[in-house]
Amino acid sequence: GEGHVARASTLKERAMRLIGTVLRTIEGECFTDYDAGMPWFDRVLGKSVLFADEIGEDIKDKILEIDGVASVDDLMVEVDGRNVSGRYKVTLDSGETVKGGF
């Protein structure tokens, strides 16, 4: 019924917020959880474009750790010097899909 729709949209909003947080947070930046976020400095920034697949795997792993995420269906990562950008499509436990960019 309606309750399920409200719950699902809440799950979707929460998952989108958490994915955004993971992608924006530099690993070690959060003093309460040193493993939170992406290891941008250690693993990502300054790497050549050949490491885009490896970076994508790191991002995929972090997104899959988020509660409510069932699968990462599509992930594209581009590395240009110290800039990392990309887009993703994720399926939630509710069956909804979430798309976004970073």
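## Contacts, fold and strand pairing

Among contacts in the chain (heavy atoms within 4.5 Å) between residues at least 6 apart in sequence, 37% join residues at least 24 apart. The model is predicted: local features need pLDDT of at least 70 and side-chain atom pairs count only at pLDDT 80 or more, while totals for chains, interfaces and linings use all residues. Residues are numbered from 1 along each chain as its sequence is written, and side-chain values use heavy atoms, with hydrogens and water left out.

The chain has 102 residues, and 32% of them count as buried (under 20% relative accessible area, 1.4 Å probe, protein chains only).

Three helices and three strands make up the secondary structure, in the order α-α-α-β-β-β along the sequence. Helices (H or I, at least four residues) and strands (E, at least two) are DSSP runs, numbered from the N terminus. Two strands pair if DSSP finds at least two bridges between them. The pairs are listed here.

| Strands | Direction | Bridges |
|---|---|---|
| strand 1 (residues 69-80) and strand 2 (residues 83-92) | antiparallel | 10 bridges |
| strand 2 and strand 3 (residues 97-101) | antiparallel | five bridges |

Leu75 has Tyr88 of strand 2 as its bridge partner. Val90 stands opposite Val98 in strand 3. The hairpin of strand 2 and strand 3 has four residues between the strands, and Gly95 there takes a positive phi near 95 degrees.

Conventions. Buried < 20%, exposed > 50% of the residue type's maximum accessible area, 1.4 Å probe, protein only.
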